Amino acid sequence: MAFDGITVAAVRKELADTLTGGRVYKIAQPEPDELLLTIKNNSSQYRLTLSASASLPLVFLTSKSKTSPMTAPNFCMLLRKHIQNGRILSITQPGLERILDFRIEHLDEMGDLRTKQLIVELMGKHSNIIFCDENDVIIDSIKHISGMVSSVREVLPGKDYFIPHTQDKADPLAADREMFVDRVFAGAQPCFKALYTSFTGLSPAIAHEICFRAGGDADLSTAAFNENGRQALWEAFSGMMEDVRKERFSPCIVYEGTKKPPVPAEYAALTLTSYPAAQRKDYSSISALLEDYYAEKNTVTRIRQRSSDLRRIVSTALERNVKKYDLQIKQMRDTEKRDKYRVYGELLNTYGYSAEPGVKSLKCPNYYTGEDITIPLDPTLNAGENAKKYFEKYNKLKRTWEALSQLTLETKAEVDHLESISASLDIAQKEEDLVQIREELIESGYIRRKGGSRAKKAKITSVPFHYVNSDGYDIYVGKNNYQNDELTFRFASGGDWWFHAKGIPGSHVIVKSKGSELPDSTFEDAARLAAYYSKGRGNEKVEVDYTEKKNVKKPAGGKPGFVVYYTNYSMMIEPDISGLKQVDG
């Protein structure tokens, strides 16, 4: 899943074919580390995403737009000043480096023709977008890197731009057989690792593919290769590099065959023949592939970044309450001997007259069990005083037990509530989903409302998931506890059906019955949704309870999303929702 040099080469070709000669019409910066350029060329308009995100650095053409800040960031304003309405002269890539260089021609303030460079470096956490003049001097960058951050290269206005060479890797496009053999077979290591650590631009996925095309095992040590094996590996490598030189790209995504719904395993700009054709989806456009592949991943990454403060609050509170609950349970166990002390006191009041002064124990019949019992005594006290001492212990433990009986219930309810909020954070897809979760944490006392108690509540725009199954039934899934309550007690009617993963945090699922009897397939679809939108999503099967909504009750004082029911059915189901269609609203 690496945005490797071959993928960058495929992107470069597509962008060069589409954008060369075009004019930069608009420049926006929707994220702190992302640009969105609108380019007009050949009577068409294109949107180009340039992302220097540390987790998802990307460059691709997109049909989608993104909301930009009301006030454009300084870097965006600088680019507008210099290259807006500029013409793209060329888009190049040095070797197979993960770098794209856009050369843009524009008129300066004096009306003279000038050339600037917009360089996109796609290097994981070191990714950056750097704006340079025609002499390779940095004008500005989307991320400033000082000498305090990197001893290899400073990225600051006024500094010379150069490509850092921090690894001793060769350009695979310039490799001959002698260089290939010298580098790949220099030491003993797995074949695929020897490939991607010897040459720039090769990801582990491409290295595995080269080994597969050579007819060998990717994990086989290079020390075990004979001359025929070396030749086969060279031919597979050189054949793939020839495809790259001649720009014969065939983008594809491959999926994990055992996962339901299918999960993307890898993507590449060249066909991954090491995967069965049934697990492979081919694309004619590398941009379309990247947009599809990273759409969900990018959304999840962004929402996790923006929910990190909520996750930290929930995690801290959950850890504290779990420790508190464990301590309370331990104290509860210690009170289990309270009845023994009561019996000791009663028996001493009955048989204490027979105890000799100064004895350390008294053996007497236990009229509760009919068996003899030995009662430990304090030899400095008489029988009555020992009885009084045992009754005092009993009463103390009884009071503790009575207090803990209520406290443990309250603490367990708090743990369950926090775990349900954690589950809500896991399924949040948009910022508006986080707004409602934050509101729940404020109402629960875990966050202080900005502006104090008089401040207005945040506007809630998040709505439940809405699915329609093949039988035509509408199925709704709550994204958080407030939505769960809303769905179950205000949206659903008595004859609708209610589903929830048994004994684990998860969403309430409502099927609108339309006043008719549901087919078995609809029961299964709703159960799959309840399993999928629960903490049991990663399990092969999840037990799901379901009942008519009229059987679900809200206990007085219950936490948001907490319900009780005493009449229900259950089924074991896979958390597979690949066959269900999600709709808006």
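Contact, as the word is used here, means heavy atoms within 4.5 Å. The structure is a predicted model, in which local features need pLDDT of at least 70 and side-chain atom pairs count only at pLDDT 80 or more, while totals for chains, interfaces and linings use all residues. Residues are numbered from 1 along each chain as its sequence is written, and side-chain values use heavy atoms, with hydrogens and water left out.

The secondary structure of the protein consists of 13 helices and 21 strands. Helices (H or I, at least four residues) and strands (E, at least two) are DSSP runs, numbered from the N terminus. The radius of gyration of the protein is 34 Å, whereas a compact globule of 585 residues would have a value near 25 Å. This radius is taken over C-alpha atoms, and the globule rule is 2.2 Å times the number of residues to the power 0.38. Along the principal axes, the C-alpha trace spans about 115 × 60 × 55 Å.

Of the 585 residues in the protein, 45% are buried. Buried means under 20% relative accessible area, exposed means over 50%, and partly exposed is in between (1.4 Å probe, protein chains only). The accessible surface of the protein is about 29,900 Å², and carbon and sulfur atoms hold 49% of this area. Accessible areas come from the Shrake-Rupley method with a 1.4 Å probe; for residues, only the protein chains shown count as cover. Among the contacts in the protein with a separation of 6 or more, 59% are between residues 24 or more positions apart. The protein has 80 positive and 79 negative charges, and their mean positions are 6 Å apart. Lys and Arg count as positive and Asp and Glu as negative, while His and the chain ends are not counted. Each charge is placed at NZ of Lys, CZ of Arg, CG of Asp or CD of Glu.

In soluble globular proteins, nonpolar side chains tend to be buried together. A nonpolar core is a set of buried Ala, Val, Leu, Ile, Met, Phe, Trp, Tyr and Cys residues joined through side-chain atoms within 4.5 Å. The largest such core has 81 residues, and Ile-6 and Leu-233 touch the most other members. Apart from this core lies another, of 27 residues, including Ile-427, Trp-497, Ala-501 and Ala-530. Beyond residues up to four places away in sequence, the contacts of Ile-6 include Leu-96, Leu-202, Met-240, Phe-249 and Leu-270.

Leu-202 is in the loop between H4 and helix H5 (204-213) and is buried, at 6% relative accessible area. Phe-3 is 199 residues from Leu-202 in sequence, yet their C-alpha atoms are 9.6 Å apart. With residues up to four places away left out, Leu-202 touches Asp-4, Ile-6, Leu-195, Tyr-196, Ile-210, Phe-237 and Met-241. Leu-195 belongs to helix H4 (residues 191-198) and counts as buried because its relative accessibility is 0%. Leaving aside neighbours within four places in sequence, Leu-195 is in contact with residues including Phe-180, Leu-202, Leu-233 and Phe-237.

The C-alpha atoms of Leu-487 and Leu-434, 53 residues apart along the chain, are separated by 18 Å. Asn-74, found in helix H2 (residues 74-83), counts as exposed because its relative accessibility is 67%. Between the C-alpha atoms of Asn-74 and Gly-472, which are 398 residues apart in sequence, the distance is 51 Å.

Most residues other than glycine have a negative phi, and most peptide bonds are trans. Ser-43 is not a glycine but has a positive phi of about 65 degrees. This serine is placed in the loop between strand E2 (34-41) and strand E3 (44-52), and its relative accessibility of 85% makes Ser-43 exposed. Lys-514 also has a positive phi, near 60 degrees. The loop that holds Lys-514 runs between strand E18 (509-511) and helix H13 (520-532), and Lys-514 is exposed, with a relative accessible area of 53%.
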